[in-house]
Amino acid sequence: MKKILFIASEAAPLVKTGGLGDVVSSLPSTLKKLGHDVRLVLPAYRIILADLQPLTMVATIDMGLEYSIRILQGTMPDSSVPVWLIDSPTHFDRDGGPYIDINGDDWPDNAERFALFSLVAERIALNQAKLNWQPDIVNCNDWQTGLVPALLVAHTPRPATVFTIHNLAYQGIYSHDTFKFLQQRLQLPERLWSVESMEFHGMFSFMKGGLIHADILNTVSPTYAEEICTTEFGYGLDGLLTHRREQLFGILNGADYTTWNPATDPYLHSNFDIDSIEKKSANKKVLQNYFKLPIRADIPMLGMVGRLVEQKGCDLVLAILDELLNKHDIQFVVLGSGEKKFESAFSQVAKNFSEKMAVQIGFSEDLAHHIEGGCDMFIMPSRFEPCGLNQLYSLRYGTVPIVRQTGGLADTVIDDNVDPAQANGFSFYDQTPVALLNTIERALLVFKDKTRWTTLVQQGMNADYSWNHSAQQYLDIYNKALGIVNK
Ligand code: ADP
């Protein structure tokens with residue numbers, strides 16, 4: 001039995017902006033079921049304070065601010081994993097998202113917010129927060145926690161550290177002035193300002209703290225682990241990652257099949273499984289009704305859910321939408337939010353093709369489940385994709401994924417042309433609109449052949465991308481990290 005501390009900036013269902021939130025909820029839950037003592041540290045955002053009850057104040061820590069930081073304890077809904085919330089009201093008790101304000105701009109004090117969060121987490125990791133619990137392993141996640149391994153490395157003894165990269169594109173890079181400010185306000189150690197530590201081309205990089213100082217690194221798919229060691233995907237950190245290749249692992253995220261299971265999904269109008277795929281059509285009807293599209297069982301319905309940003313290949317989709325909708329008898333529904341230019345471009349196409357296309361801008365767990373439950377195909381042409389969860393949900397929901405071959409998408413979607421006996425979707429490599437259009441058109445052709453289509457759907461639904469296998473791989477890298485720290 002291991003004592004494992006997860007430190008992260010989001011965890012579903014309390015607060016989630018993307019796949020990170022899903023992973024930080026389901027991986028600890030799986031490890032707990034395997035008999036490990038797992039705890040989680042999160043910022044006490046306003047939304048969590050409002051939703052999570054009961055909360056008990058278990059410690060206060062003096063971090064040199066005008067007030068003491070409180071640590072509040074609760075338990076994660078569903079999994080009962082204990083969670084410690086770092087309650088610093090000026091930093092976290094505000095309206096808006098975890099990283100951006102209500103206008104969509106980054107919080108101007110993000111560096112201070114996550115530096116403070118990491119400093120308190122360091123105390124917890126060293127059992128200096130009067131919580132009477134000493135983890136063996138600390139698993140940090142993404143740039144918001146990159147400072148933690150950099151802080152812990154100066155201590156002996158200390159827990160082993162694993163740093164998980166969910167997306168290398170977001171690095172938390174700040175100016176030297178910001179570093180100076182953090183030094184003065186939060187007593188960040190001077191040693192961090194060094195190219196051997198968190199200095200990155202004259203800037204202060206939170207991500208680099210994790211990449212340099214954690215005992216073991218991992219990312220969320222084997223292919224993305226390879227890709228981030230190249231200049232194309234490495235954002236200037238590929239040299240460092242290549243240098244650490246022996247300590248860098250790729251472990252696929254699992255899908256949480258307790259939440260994403262079409263047989264039990266409470267959001268769905270009609271539950272179904274591999275033996276009752278025909279029941280899926282009732283969900284399609286509900287979706288068509290919701291979006292005020294013509295109610296037709298026979299028409300191929302394409303769906304897309306996700307952040308509307310460059311990464312997700314929004315520009316590729318927008319480049320082909322007019323032609324696709326003009327040429328084919330299809331329906332296309334989109335749920336997402338992100339860059340304003342993409343939000344308005346998708347909305348405009350929906351206006352122009354109101355009989356065929358519908359768009360909802362915003363975040364809706366409910367509608368995301370309905371789209372997975374009701375559509376025939378799921379479009380995910382990401383330019384890069386560390387793992388991707390939506391294609392995994394799509395597979396389980398019999399919604400055939402059409403993806404670009406990158407990162408976790410390449411590791412999980414097998415194209416119909418490549419290996420029909422195992423195929424579960426369609427994929428393409430070239431980052432061009434025509435490659436996407438051709439691939440969707442290939443899928444539309446196969447859709448007409450009901451026997452072939454059903455085979456594809458069944459092969460997708462049969463695949464097991466649960467956490468069971470991946471959680472075991474996390475335990476393996478925890479052992480490796482322990483081996484390094486105990487050497
Ligand atoms: P990323 O982490 O890059 O955003 P993933 O595919 O790994 O992409 O995970 C995205 C998660 O967030 C999925 O669970 C997806 O359903 C959810 N999601 C993204 N955008 C929305 C939205 N607008 N409404 C509901 N869920 C969303």
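Colleague: Is R245 buried, partly exposed or exposed?

Modeller: R245 counts as partly exposed, at 27% relative accessibility. Buried means under 20% relative accessible area, exposed over 50%, and partly exposed in between, with a 1.4 Å probe and protein chains only. This is a predicted model, in which local features need pLDDT of at least 70, side-chain atom pairs count only at pLDDT 80 or more, and totals for chains, interfaces and linings use all residues. Residues are numbered from 1 along each chain as its sequence is written, and side-chain values use heavy atoms, with hydrogens and water left out.

Colleague: Which side chain does R245 meet in a salt bridge?

Modeller: That of E226, at 2.8 Å from N to O. A salt bridge here is a side-chain nitrogen of Lys or Arg within 4 Å of a carboxyl oxygen of Asp or Glu. E226 lies in helix α8 (residues 222-227) and R245 in the loop between α10 (238-243) and β12 (248-250), so the pair ties together parts 19 residues apart in sequence. Helices (H or I, at least four residues) and strands (E, at least two) are DSSP runs, numbered from the N terminus.

Colleague: How many salt bridges does that rule give?

Modeller: The count comes to 22. Among them is the pair of D376 and K284, with the closest N and O atoms 2.7 Å apart. D376 is in the loop between α14 (365-374) and β16 (377-380), and K284 is in helix α11 (residues 280-290), 92 residues apart. Both D376 and K284 are buried.

Colleague: Turning to the ligand, how many residues surround it, and which are the closest?

Modeller: The ligand is surrounded by 20 residues, the closest being G19, D22, R307, K312 and G362. A residue is near a molecule if one of its heavy atoms lies within 4 Å of it.

Colleague: Why does the ligand lie between domain 1 and domain 2?

Modeller: Domain 1 (3-254 + 468-485) and domain 2 (277-465) both give residues to the shell around the ligand, so it lies between them. The domain bounds come from an automatic or database domain assignment.

Colleague: Which element gives the largest share of that shell?

Modeller: β13 does, with three residues.
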